Amino acid sequence: MSAFDDTRTPRVPFWNDPRTRSIAVQLIMVVALVAVGYELYVNASANLAKLGKTFGFDFWDKSAGFDISQSLIPYTSSSSYGTAIIVGFWNTLLIACFGILFATLIGFTVGIMRLSKNWLISRIATVYVETIRNIPLLLQIFIWYGAVLKPLPGPKQALNVGGFYLSNRGLNMPAPIFEGAAWMGLAGLVGGIVGAILLRRWARARQLATGEAFPYISVGFALIVFMPFLGLLLAGWPVTWDVPVLGAFQLSGGVTVNPEFIALLIALSVYTASFIAEIVRAGIQAVSHGQTEAAGALGLRQSSITRLVTIPQAMRIIIPPLASQYLNLTKNSSLAVAIAYPDLVAMGGTVLNQTGKAIEIVLIWMIVYLSLSLLTSSFMNWYNSRMKLVER
Amino acid sequence: MKRKLMGWAFAATTSLIAATAATAGTLDDVKAKGFVQCGVSQGLIGFSNPDEQNNWTGLDVDFCRAVAAAVFNDPQKVKFTPLTAKDRFTALQSGEVDILSRNTTWTMGRDTSLGLKFAGVTYYDGQGFMVKSSLGVDSALKLSGAAVCTQTGTTTELNLADYFKSNNMDYKVVAFEKNEEVLAAYQDGRCDVFTTDQSGLYADKLKFATPDEHVVLPEIISKEPLGPVVRQGDDAWFNVVKWTYFALLNSEELGVTTANVGEMMTSANPEIQRLLGAKNADGTAAGFGTGIGLSEEWVVQIIKAVGNYGEIFERNVGLNTPLKIARGKNALWTAGGLQYAPPIR
């Protein structure tokens, strides 16, 4: 009976069955992975034990003992190691946000310049891209740091432009102090933003109905800028200024932007912008020429063609590689340590040096950068799916 | 495909096991590989500084050479790894270097929580401040409001915070990873003050284009006992390093120098006989060289190679060097200093 069955359906030996094979391979991989992980764990704990060290985050609450040059949250030398690491985290986030903003602005400008019909403009953009992206970033950071520090005068001879002091100690700005009814200014800001959104909605509806365009961008922008002022004026201008004053050694008071931050911001945005420029150029060039010609035939102006036809289509190509440039910028900000900018890596390194908690600190670094990257990329994915071609 | 994957997994696992196994004892490891891996600074005149041919010189360097001479009878069997202040302990903990001889301050925290052991104090130092003479500051207590450049991952950074806090002074710290970066920033005017161990201030001042325009302030704000460090839990190697240091001190105390070590071998002084491992009439040795895993003549090897502590000090940082540092606290206890070694007996 069975012999008969065998001839009807020739049995594949089980080791040649693709299903068994795939399960076997996966099993082996899992076992190997677990074995490697286990070995890493055993190895690390054996080596830690030999040095008389333990694994744990009990250092987090201990007093750090060192000061930090720039902090967005209250911090003194008696704050904890944990606070120091959080200070570093905020500093990383700060440089990443500003870096992404400026890199995008410079990158889009240069990318569009490269496509200019003006020979000089397109050549300048080409030279910029080819020079900047071919020089190592660390070198550029040092160059910019030197460029910020060396030519600027000392704090006593600081350049003073309308209450802003620029010296080799950084940029000292007057800081507004809001009192009493200053919430009116905030209300004005919120009102301005809401007004701008409503205005855009109204302008679009009117254009669809009558074909008449309304300059809602500039008017909306004006609303956002002027409404807070109006709010503050109505509240009787409850604002005083904390002005920088020259002490025995340097300027104090107001807001100080450290030269390290300035140099790092310039270096990161200029460097990343050179890549973004190429992405933007490629994106724009990928939009078929027929699209611009068709828009021209409809009688749109050149600026409207760029804004309404070319850029929206180019964005679909630009966004995915743009996202990875944003991730690069965030991760490259860890080079800050070279010029004394107290970012996450610098602070973590100092804590590591003092506590000897290498594995713990490296874990914190990995988790923070991974989360930042995942956050950035999920935001960019969301934006990408919004900009994607919607097929009807 | 399967075979390839399994191969990789196998290779990865065995290499990890190998990594765990290759940690017998540092002394045996060092003997097996034929040289001492010594962690030093990235350039500090008088302590550990490379010249154009990458020959390292300095007090910290000579200490490593002394250890190499004790183990191999050859002071050249050392390889130097320049380390930043921040990375130095990790390099030692992970086994990248066998000994850290890098103007490192002995503190309780480092001795107890980093898995390290300090073997001795090769240089008693203290933290000082340097400013530009043009500022007209003559005391560290007048530095309130100043920007201070320093190196991160150092006791300097911590003492600085303590000092300004306890004197109710305000300051702004700018902490760099490398000493050259600190110096460059200070010279570019980023800071008003440069602070580090006082020996370091004098050493770094020599590198300035215009050393005369800078002054070291009189205050010394901390105790900075600098010395060699080894990994915790390796007593044999710890003993070799510790007793190399003591041998250098005892040799100076007993008057054994590079020039006279040959004659001293036949000295009638039993202390010197024990120090130099001289043979008794019956052929047994008086010293303890084999006891710590070296040859009986290990001290002779050290002294022939680098001289005693006094010779090392004078050669690298003493009054006839550009640093012009007097023995001061680093004199032997017999001369009013703090350098004191247990007897070899």
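Predicted model: local features only at pLDDT ≥ 70, side-chain atom pairs only at ≥ 80, totals over all residues.

A: Residues are numbered from 1 along each chain as its sequence is written, and chains are lettered from A and ligands numbered from 1 in the order in which they are written.

Q: How many helices and strands are in chain A?
A: Chain A has 12 helices and eight strands (DSSP runs numbered from the N terminus: H or I of at least four residues, E of at least two).

Q: Is chain A spread out or compact?
A: Chain A is more spread out than a compact globule, because its radius of gyration is 29 Å, well over the 21 Å that the globule rule gives for 392 residues (taken over C-alpha atoms; the rule is 2.2 Å times the number of residues to the power 0.38).

Q: And what box do the C-alpha atoms fill?
A: Along the principal axes, the box is roughly 100 × 75 × 45 Å.

Q: New topic: at what angle do α4 and α8 of chain A cross?
A: The axes of α4 (residues 119–132) and α8 (residues 259–285) of chain A cross at roughly 120° and come within 9 Å (lines fitted to C-alpha atoms over the stretch in contact, with angles from 0 to 180 degrees between N-to-C directions).

Q: Which residues of α4(A) make the contact?
A: They are Ala125(A), Tyr128(A), Val129(A) and Ile132(A), a contact being C-beta atoms, placed from the backbone, within 7 Å.

Note on methods. Contact = placed C-beta atoms within 7 Å.
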